[in-house]
Amino acid sequence: MQGATGEAATGVTLKRSLRFRDLVLYGIILIQPTAPMPSFGVIYQEARGHVVTAILCALVAMLFTSMSYGRMARAYPQGGSAFLYVGRELHPSLGYITGWCMAMDYILNPLICTIWSASAARNFLPEIPYTVWAVFFAALFTILNLRGVETSARINAMMAAALGVVILLVVVSILRYLFLLPHQPGAFYATPFYDPKNFSSGALFRGTSIAVLTYIGFDGISTLTDEAKEPGRNIPRAIVATCLITGVLASIEVYLAQLVWPSGVAFPNVDTAYVSVAGRAGGAFMFALVNGALLLATIGSGMASQLGAGRLLLAMGQDGAIPGRFFGAVHPRNRIPRNNILLIGAICLAGALVFSYQLGTELLNYGALLAFMGVNLASTVLAWRAGRFMQWWPILCSLIGFAVCLFIWLNLGHLAYIAGTGWAAVGILCWLAYGRRSAGLKKLQTTSGG
């Protein structure tokens with residue numbers, strides 16, 4: 001909102017240059033083409049081998065939710081997020097809690113990146129304890145961010161292209177491996193979708209609650225509304241297309257991996273299971289290539305997400321939603337939210353020593369699914385206000401999105417509920433102490449007529 005005000009005052013606006021394909025490419029880069037690889041082992045373990053089915057079940061929820069995001073982006077073309085959509089259409093306090101849950105996601109992302117990076121580094125140097133690697137990566141992310149080191153959009157695009165090449169090499173090596181296998185019955189190729197010996201609907205939905213992580217980030221396309229050509233048409237289409245492409249690509253990656261790894265055989269390390277699959281299909285070279293590529297990608301993601309979390313807490317502190325003296329401070333020399341970066345670094349280190357990768361992903365999905373449910377409800381209310389029963393189709397799609405997200409959310413682990421509910425309770429306390437006085441909520445209160 002501040003950016004829009006500033007533009008109106010100066011007469012300077014962002015250049016509308018992004019076409020539909022540019023928006024889709026941005027979304028794919030944001031999610032990363034290797035998105036299902038880090039969580040492959042955890043989903044495999046929880047879903048009893050039905051990873052591809054879990055990925056496709058999660059895709060259903062994300063497609064309906066992406067339609068709701070697209071609808072909200074069309075209604076609020078100045079760019080926004082779940083915080084804005086829920087606050088405008090439902091209630092400012094609900095928008096605040098949604099934003100608070102999103103803040104948890106921002107903080108957890110560098111945490112799970114720290115855990116995965118430490119596990120991947122041990123594949124290269126197993127003699128160094130996990131704890132040492134966890135300290136190293138938590139410190140690395142923090143120090144680089146304190147020095148103001150940022151990855152540019154061009155570097156991110158180059159990294160995504162490099163990961164695309166790695167995926168292609170993995171696919172080729174797996175196909176070669178399968179071609180050299182003795183003749184297999186047709187049921188062998190259907191087993192990744194449905195294995196009657198190991199199938200359990202409860203296990204599948206547990207795996208689906210983790211598989212949602214594959215799609216996290218598609219909503220970031222809505223922030224490009226001011227730079228998109230024909231945003232009312234292209235932003236919604238790009239959000240849905242990004243989800244669909246991500247789901248198809250992820251399904252291919254995990255389907256081939258399941259054909260390579262024998263059913264029922266344990267992984268050397270569940271967190272880096274896909275690396276073991278690559279090694280089985282392509283030998284030591286593919287093991288090192290995939291492990292190294294995913295490690296570099298995770299380091300970049302960890303750095304960027306820690307800085308993003310720091311900036312989000314900075315905005316909340318300057319807005320008065322949380323104590324501004326600490327969270328709203330900017331270091332005068334390098335102009336970064338130093339307090340927030342240090343705090344998040346400490347959280348990442350402590351979490352990496354206490355949490356498992358699985359618990360971290362479930363906690364992240366706890367907040368993400370709550371935000372998705374909020375956006376689906378906001379989309380329902382928006383359609384109802386626009387035309388009541390004349391808008392039955394968008395209302396139905398939004399309600400289906402809400403119901404599917406709720407169902408997946410209910411299948412998260414008990415520890416995720418305990419920790420996530422604790423975080424939400426802290427957010428409610430912060431709202432009672434600070435949120436009702438914050439400038440952001442007053443804006444939402446004014447614009448929503450509350």
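Guide: Start with helix α5, residues 82-89: seven of its eight residues are buried, leaving the helix mostly covered. Buried means under 20% relative accessible area, exposed over 50%, partly exposed in between, with a 1.4 Å probe and protein chains only. Helices are DSSP runs of H or I, at least four residues, and strands are runs of E, at least two, numbered from the N terminus.

Visitor: Which residues in α5 are buried?

Guide: A82, L84, Y85, V86, G87, R88 and E89.

Visitor: What should I know about the source?

Guide: This is a predicted model: local features need pLDDT of at least 70, side-chain atom pairs count only at pLDDT 80 or more, and totals for chains, interfaces and linings use all residues. Numbering runs from 1 along each chain as its sequence is written, and side-chain values use heavy atoms, without hydrogens and water.

Visitor: How many helices and strands does the chain have?

Guide: 18 helices and zero strands.

Visitor: And what share of the chain is buried?

Guide: Buried residues are 50% of the 450 in the chain.

Visitor: New topic. At what angle do α6 and α12 pack?

Guide: About 150°, with the axes of α6 (residues 92-124) and α12 (residues 273-318) 7 Å apart. Axes are lines fitted to C-alpha atoms over the stretch in contact, and angles run from 0 to 180 degrees between N-to-C directions. The two helices are therefore roughly antiparallel, a term for angles over 145 degrees.

Visitor: What residue types make that contact?

Guide: The contact of α6 with α12 has 20 nonpolar, 11 polar and no charged residues. Nonpolar covers Ala, Val, Leu, Ile, Met, Phe, Trp, Tyr, Cys and Pro; charged covers Asp, Glu, Lys and Arg; the others, Gly among them, are polar.

Definitions and conventions
Parallel < 35°, antiparallel > 145°, perpendicular 65-115°, else oblique.
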